[in-house]
Amino acid sequence: MQINATYGELGITVWKKFKALHQLDSYSGILSMYAAARLAKIILQSGENQPALNLSGEVEALLRPYWQGQKQFTSGMFGRHIYSVGGQAAAWQFCRGLEPESGPALVTAAERLLALQSRSPEGIFDNPDYPEHGYITCDTLSAVCPFLVWIGHGAGRRDFLDEAAAQFLAHYDRLFDRRSGLFRQACIPGETPPPGNNRHEENQLGALCRPARPDLIDTMWSRGNGYVAFALAELIYDLPKDHPDYQRILEIWRNLLEAFINYQDRDGMWHQVMDDFGSYPESSGSALILYAMGRGIKNKSIDRDRFVKPYRRGLAAMMRFVSRDGSIYHCCRESFCPGGRGTRADYALWPWRRNDPRGFAPVMLMLGQANQVEQRTGLIPPLHEL
C-alpha cells in the first residue's frame, strides 16, 4: 500500500487481510462484510469507481449463499436467527435496495428472532445458555438493532422498528451506569449454567472465562461501549424521526458521545477498561467510537465544533495500531466475564491479539466513515497528512 493511500484504500487493504486470515461464518465475519459493503458504497460516491464496484460485487457474491439458505449455521449468540441469513450485512444491502430478492428470507429471519429468541422476564433478548435467568449483554445491541431497523425499513414492517427501539431502551435501562456515563458489558441474574453448556476459554491466569457468580458485571469495557455506539449510530440514521422513541434515543446518543470525550487519553485512544488509563489502549472499541463520532459529524446529529478535534485526534492515534498491510494491533480477544469474575482487574489483564477477527470490522467502519467525512465536509485532512 502506498503511503499516500486514502482512508478507503486502507480500508480495502484491511478487508483483504481479514479474508486472508479468517473465515466469514461468524458474527465478526458478518460485521466485516457489512463494513466492506458500506466501504464500497462510500468509495463509489467519492468517484473511485473500479475499486468500489469490485468490492461491492465481491460482498454481494459472498452474502448470496447466506440469504439463499445455503448456510446452516454461523457462530454467535444470534447465529440461527440473524447471522445464518447474512445478518447486518444482508439487511443493510436489502434496505439500500441492492439485493431485493433477499427480502423474504430476511423478513422470515426477523420474524423468527422476535418469536423464538430467548428473552429475560422483561422481554430483553438474552442468552439461551442461561434460560430464564436473563444473561443480558450490550453486545446484543450491535446485532439486533441494525438488523431489525434495516429490514423494517426495507419491508415496511413497523413491528421490527419498534422492537429495535424497545430492545435498545431496555438494555439502556439495565446496563447504563449513570455515574460514569458509560455502559457495563452485561448482567447475569439468577444461577449460572451447568458445566459444558457453553464454550469457555482460559485467561492467562488460568481461571475459566465463565462467571463464578451471577451479578452485574460492573466494568466499562471498550468494545462493549463501542458496540453500543455502533448500534446508536445506525438507529439515529435509520429509525424514522417521527418514531415515538426517536428523541429519547437521540438524547442517549449525544450524551454517550459526550461521555466518551472524558475517557479519551492524551494520545487520542480509549482503553480496554474505559475509566482505567492503566489498562492498554484498545483498538476495536476506539475504532467503533470513532465510527460513531464520524457519522454524527457527517450527518450533523452532534455538534461539529465540539467533536471534530477529538475525532481527528482519535483517527491519528488509531493509525499507530493499523499497519500498511492491513494488520490490526491491540484488539481485545473474545471477552465475557474474564477470570470468572469480570472485575476491572480481570478485564485489564485480559490480553489483546494481533489480527484478532473482531478487530477488522471496527477499523473498516472507521476508515470508511473517515473517507466520507473528508470528502463531504473537509473537516479532516487526507490520510497521508493525518
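Q: Looking at α1 and α2, which way do they cross, left-handed or right-handed?
A: α1 passes α2 in a left-handed crossing. Keep in mind that this is a predicted model.

Q: Okay, and at what angle do α1 and α2 pack?
A: The angle is about 150 degrees, and the axes are 10 Å apart. Helix α1 covers residues 7-21, while helix α2 covers residues 27-45.

Q: So what do I call that, roughly parallel or roughly antiparallel?
A: Angles over 145 degrees count as roughly antiparallel, so α1 is roughly antiparallel to α2.

Q: Which residues make the contact between α1 and α2?
A: From α1 you have G8, G11, I12, W15 and F18. On the α2 side the contact is made by S28, G29, S32, M33, A36, L39 and I43.

Q: How many of those are nonpolar, polar or charged?
A: The contact of α1 with α2 has seven nonpolar residues, five polar ones and no charged ones.

Q: Let me zoom out. How many helices and strands are in the chain?
A: You'll find 13 helices and seven strands.

Q: And how much of the chain counts as buried?
A: Of its 386 residues, 60% count as buried. The chain exposes about 14600 Å², and carbon and sulfur atoms supply 48% of that area.

Q: What about contacts, how many link residues 24 or more positions apart?
A: Taking the contacts with a separation of 6 or more, 73% are between residues 24 or more positions apart.

Q: New topic: N225. Where is it?
A: N225 is in helix α8, which runs over residues 222-238.

Q: Is N225 buried or exposed?
A: N225 counts as buried, because its relative accessibility is 0%.

Q: What does N225 touch?
A: Leaving out residues up to four places away in sequence, N225 touches L182, F183, M220, L256, F260 and M274.

Q: How does R304 count, buried or partly exposed?
A: Its relative accessibility is 23%, so R304 counts as partly exposed. The cut-off for buried is under 20%.

Q: And which residues is R304 in contact with?
A: Setting aside neighbours within four places in sequence, R304 is in contact with I297, K298, T377 and L379. As for G294, it sits 10 residues from R304 in sequence and 9.6 Å away in space, C-alpha to C-alpha.

Q: Which residues meet where α11 packs with α13?
A: R304 shows up again, along with Y311, L315 and M318 in α11. They meet V363, M366, Q369, A370, V373 and T377 in α13. By class, that's seven nonpolar, two polar and one charged.

Q: What's the angle between α11 and α13?
A: It's about 130 degrees, with the axes 12 Å apart, and α13 covers residues 360-377. That makes α11 oblique to α13. The crossing here is left-handed.

Q: Last one: how do α9 and α11 cross?
A: Helix α9 (residues 246-262) and α11 cross at roughly 45 degrees, and their axes come within 11 Å. That makes α9 oblique to α11, and the crossing is left-handed. L257, E258 and I261 of α9 make the contact with R306, F307 and P310 of α11. The classes there are four nonpolar, no polar and two charged residues.

Terms used: Residues are numbered from 1 along each chain as its sequence is written. This is a predicted model: local features need pLDDT of at least 70, side-chain atom pairs count only at pLDDT 80 or more; totals for chains, interfaces and linings use all residues. Side-chain values use heavy atoms; hydrogens and water are left out. Axes are lines fitted to C-alpha atoms, for helices over the stretch in contact, and angles run from 0 to 180 degrees between N-to-C directions. Helices (H or I, at least four residues) and strands (E, at least two) are DSSP runs, numbered from the N terminus. Angles under 35 degrees count as roughly parallel, over 145 as roughly antiparallel, 65 to 115 as roughly perpendicular and the rest as oblique. A crossing is left-handed if the near helix is turned anticlockwise from the far one by less than a right angle, and right-handed if clockwise. Contact means heavy atoms within 4.5 Å. Ala, Val, Leu, Ile, Met, Phe, Trp, Tyr, Cys and Pro count as nonpolar, Asp, Glu, Lys and Arg as charged, and the others, Gly among them, as polar. Buried means under 20% relative accessible area, exposed over 50%, partly exposed in between (1.4 Å probe, protein chains only). Accessible areas come from the Shrake-Rupley method with a 1.4 Å probe; for residues, only the protein chains shown count as cover.
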